[in-house]
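Please keep the sequence and the 3D view at hand while reading.

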Amino acid sequence: MKWLWLQDLVRKPKDAQYAKIVLDRYRLGIKAHGEIRGARIIPGSEQCEKAMSVAGKTYLPDDAPLIPIQGCSLPGGCCCSYTPVMKYEPQMGEAAQPEPVHTV
Amino acid sequence: MLEALRKVPLYVMNRKFGWPKMLPMSITISPSPRCNSRCLTCNIWMKREDELSLEEWDKTFQSMGDTPFWFTISGGEPFMNKDIVETAQSIYKHCHPGIINIPTNSLMHKIIQPKVATMCETCPDTQFIINLSLDGVGDKHDHIRGIAGNFEKFEANYRALRELDYPNLSIGIHSVISRFNVDDIHELYDYAFGLKPDSYITEIAEQRVELDTVGISITPSRDKYSAAIDELIARVELQQFRGISKVTEAFRVRYYKLVKRILAEETQVIPCYAGWASAQIYANGDVWACCVRADNMLNLRSVDYDFKRVWFSKEADTIRASIKAKECHCPLANASYTNMLMHAPTLAKVGSKVAWESLPLVSGRHNKDAAAVPAVTVSTIPGGRK
């Protein structure tokens with residue numbers, strides 16, 4: 001199942017708080033040794049050159065471009081969103097990383 | 001239960017014509033996203049919210065009246081919520097539901113048994129279903145749930161809860177079938193069925209906004225899931241059930257078949273009633289049609305905790321219109337069981353299956369084959385995790 005409709009659904013204009021809330025969450029996830037290793041940007045529209053230029057890469061939360069993306073060309077506002085990148089998801093040219101077991 | 005069934009035609013009319021106005025019969029609440037698991041299939045534990053207080057929840061339940069028949073107290077890990085007993089008692093006091101369903105990861109097993117006992121004693125007319133999460137056997141479970149020793153705690157929790165003897169308590173096991181365990185599913189089934197829980201239910205790992213898993217590959221392939229679920233259906237169909245369990249197991253088998261069709265056809269195979277008959281209230285008071293979309297109707301704090309003002313708002317209508325237009329589809333278990341209840345052809349199939357299997361000759365055949373597989377004792381209700 002491709003869940004394309006869900007990726008479309010999250011393509012809504014984001015307010016200024018969005019990036020702080022989500023990236024803080026990912027910082028916590030990495031600090032607490034979760035499976036998350038970074039953030040990726042789901043572009044709001046393939047027509048937006050700015051969004052496409054930052055999509056597809058894995059960022060540490062501190063380095064991730066802030067959403068709303070500056071210079072976004074969508075008339076209704078930036079519809080990009082973050083998605084976590086997990087350690088078990090291989091990136092292009094990378095091997096999957098081992099999945100550690102944590103203790104409480 | 002009959003009271004809830006009596007309302008089914010009203011929900012069907014409500015979805016079709018917008019009348020009569022109905023409150024949901026199934027409500028999931030997530031008082032806190034905090035969780036001490038680190039599951040490969042879920043990121044909710046990273047969330048922090050301005051959570052509703054017990055007093056705010058109490059006002060909310062008061063505004064609902066006794067329409068909701070089924071409550072799920074979800075999370076995060078529900079037993080990390082220090083007010084879980086009081087929350088259940090508040091639901092009981094204001095809504096008198098038939099069922100309160102609580103999933104747990106078993107990590108806090110020492111406090112779970114006494115809290116469940118208190119809930120069963122103080123809410124005697126509600127059936128409690130405690131569903132213990134189990135995604136693998138031994139180290140496999142620990143690996144998927146991200147916590148060493150979790151499997152041992154699952155076993156300790158199961159044993160402790162089994163010691164409780166309340167007529168309004170059912171202990172279930174719930175497995176999420178993901179790409180991380182679909183290849184080891186026989187082992188998981190053998191173990192889970194061998195424990196003879198009151199119910200054994202599975203749900204497919206799916207992308208959800210609530211869990212922050214949109215875009216993450218956790219769902220097993222359609223072929224592998226189909227093989228896993230066919231085996232489960234075969235095991236269930238070899239069992240001998242009596243009374244209401246015969247009905248609930250028939251629903252469960254229909255659900256598994258429905259999931260296969262949703263995966264194959266990628267559409268709402270039967271109409272979805274999330275937003276009409278089922279709803280979710282998130283930790284911060286946002287009201288959702290479901291946790292997959294998690295699009296907010298309104299926040300309860302903005303309407304003085306009056307659930308009706310949210311439910312009958314134009315914002316809620318907008319979300320319902322999107323669902324009705326089939327702009328979404330998913331195999332979410334809680335919504336799917338409600339959807340099947342609202343779907344006349346599914347009800348007819350369940351009815352005919354139950355009637356057929358009640359024939360003495362057919363029952364006898366099942367009896368003979370049942371010896372070949374581990375038995376599930378009594379399965380009360382088909383629902384599951386949120």
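Helix 13 of chain B, residues 333–341, is largely enclosed by the rest of the structure, because nine of its nine residues are buried. The buried residues are B:Ala333, B:Asn334, B:Ala335, B:Ser336, B:Tyr337, B:Thr338, B:Asn339, B:Met340 and B:Leu341. This description, like the rest of the report, rests on a predicted model.

B:Cys290 belongs to the largest nonpolar core, a set of 132 residues. Together with B:Ile100, B:Ile130, B:Ile177 and B:Trp288, B:Cys290 is among those with the most contacts inside this core. The element that gives the most to the core is helix 10 of chain B (residues 244–265), with eight residues. In soluble globular proteins, nonpolar side chains tend to be buried together.

The two chains can be set side by side.

| Chain | Secondary structure | Buried share | Contacts joining residues at least 24 apart, among those at least 6 apart |
|---|---|---|---|
| A | three helices, two strands | 35% of 104 residues | 59% |
| B | 15 helices, nine strands | 52% of 386 residues | 78% |

Chain B has a radius of gyration of 20 Å, which agrees with the value near 21 Å that a compact globule of 386 residues would have. Along its principal axes, the C-alpha trace of chain B spans about 60 × 45 × 45 Å.

In what order do the strands of the open sheet in chain B lie? The order of the nine strands is 6-5-4-3-2-1-7-8-9, and the pairing is mixed. Strand 6 (199–204) and strand 9 (296–299) of chain B are the edge strands, each pairing on one side only. On average, neighbouring strands of the sheet are turned by 25 degrees against each other, with direction ignored. Strands of a sheet pair through backbone hydrogen bonds, either parallel or antiparallel.

Strand 7 (residues 278–281) and strand 8 (residues 286–288) of chain B are an antiparallel pair with two bridges. Here B:Gln280 has B:Trp288, in strand 8, as its bridge partner. Elsewhere in the sheet, helix 8 of chain B (residues 185–194) lies across strand 5 (169–177) and strand 6, and runs at about 175 degrees to strand 5.

B:Asp295 sits in the loop between strand 8 and strand 9 of chain B. Is B:Asp295 buried or exposed? B:Asp295 counts as buried, because 20 C-beta neighbours lie inside 10 Å. Apart from neighbours within four places in sequence, B:Asp295 is in contact with B:Trp288 and B:Ile319. The C-alpha atom of B:Asp295 is separated by 34 Å from that of B:Asp183, and the two residues are 112 residues apart along the chain.

Chain A, read along the sequence, follows the pattern α-α-β-α-β. The contact between the chains takes 25 residues from chain A and 27 residues from chain B. On the side of chain A that touches chain B, the elements giving two or more residues are helix 1 (4–9), helix 2 (17–31), strand 1 (36–42) and strand 2 (81–86) of chain A. By class, that side has 15 nonpolar, six polar and four charged residues.

Technical notes. Residues are numbered from 1 along each chain as its sequence is written. Chains are lettered from A and ligands numbered from 1 in the order in which they are written. This is a predicted model: local features need pLDDT of at least 70, side-chain atom pairs count only at pLDDT 80 or more; totals for chains, interfaces and linings use all residues. Helices (H or I, at least four residues) and strands (E, at least two) are DSSP runs, numbered from the N terminus. A residue is buried if 20 or more other C-beta atoms lie within 10 Å of its own, exposed if 12 or fewer, and partly exposed in between; C-beta atoms are placed from the backbone. Two residues are in contact if their C-beta atoms, placed from the backbone, lie within 7 Å. Ala, Val, Leu, Ile, Met, Phe, Trp, Tyr, Cys and Pro count as nonpolar, Asp, Glu, Lys and Arg as charged, and the others, Gly among them, as polar. The radius of gyration is taken over C-alpha atoms; the globule rule is 2.2 Å times the number of residues to the power 0.38. A nonpolar core is a set of buried Ala, Val, Leu, Ile, Met, Phe, Trp, Tyr and Cys residues joined through C-beta atoms within 7 Å. Two strands pair if DSSP finds at least two bridges between them. Axes are lines fitted to C-alpha atoms, for helices over the stretch in contact, and angles run from 0 to 180 degrees between N-to-C directions.
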